[in-house]
Amino acid sequence: MKVTDILRVKGNTTYTVSPDQLLADAMKSMSEFDVGSLVVMEHGDLVGMLTFREVINAVVANGGVGTRHVRSVMDDAPLTCTPETNLDEVRRMMLLRHARYMPVLDHGTLMGVISFYDVAKSVVDAQDFENRMLKAYIKDWPEEDAAARPTA
């Protein structure tokens, strides 16, 4: 499986924010859209990721968000992948960096964002499908013809 398979099912709706936007406004967007991450874009380029992790760290460190901007708390070096990246590689990368969200770029164009949940769900769905196919195959296993059995 590849990232493109997840995007085909999930869709490629993405929510973005400017690095100069107030953190409080970005948090409102995250709440309104019920998402755990926003892609930080500047002049059409990906410049970072803002996830609930960075938001919580900023709130705890400062006793609130005040007038901070997204740029001051975003991850400015997020993991990215392409639509052709294999899911095994995505899982490995996400696990190594403890990343929950990964922007998908195709030659610099943002195609979507996949989450660790999306990856886990696709793996489980693929395993369920394979299990159903194996069970159906075993159930339809041809009976051995008694006449064709060798005798001792």
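Here is a short chat about a predicted model and some of its residues.

Q: Where does His43 sit?
A: His43 is in the loop between β2 (37–42) and β3 (45–51).

Q: What's its phi like?
A: Phi of His43 is near 55 degrees, so a positive value in a residue that isn't glycine. Most residues other than glycine have a negative phi.

Q: Is His43 buried or exposed?
A: Exposed: His43 has a relative accessible area of 76%.

Q: And what about His107, where is that?
A: His107 is in the loop between β4 (101–106) and β5 (109–115). Phi of His107 is near 55 degrees, again positive, and His107 counts as exposed at 81% relative accessibility.

Q: Switching topic: which helix holds Glu54?
A: Glu54 belongs to α3, residues 52–62.

Q: What is the nearest side chain of opposite charge to Glu54?
A: That's Arg53, 5.6 Å away. Glu54 is buried but has no salt bridge.

Q: OK, how many residues are in the largest nonpolar core?
A: It has 14 residues, and Val3, Cys81 and Met102 are among those with the most contacts inside it.

Q: Which elements give two or more residues to this core?
A: Those are α1 (3–10), α4 (87–97) and β4. The most comes from α4, with four residues.

Q: What does Met102 touch?
A: Leaving out residues up to four places away in sequence, its contacts include Leu79, Cys81, Val90 and Ile114.

Key:
Residues numbered from 1 in each chain as written. Predicted model: local features only at pLDDT ≥ 70, side-chain atom pairs only at ≥ 80, totals over all residues. Heavy atoms only, no water. Buried < 20%, exposed > 50% of the residue type's maximum accessible area, 1.4 Å probe, protein only. Lys, Arg positive; Asp, Glu negative; His and termini not counted. Salt bridge = Lys/Arg side-chain N within 4 Å of Asp/Glu carboxyl O. Core = buried A, V, L, I, M, F, W, Y, C linked by side-chain atoms within 4.5 Å. Contact = heavy atoms within 4.5 Å.
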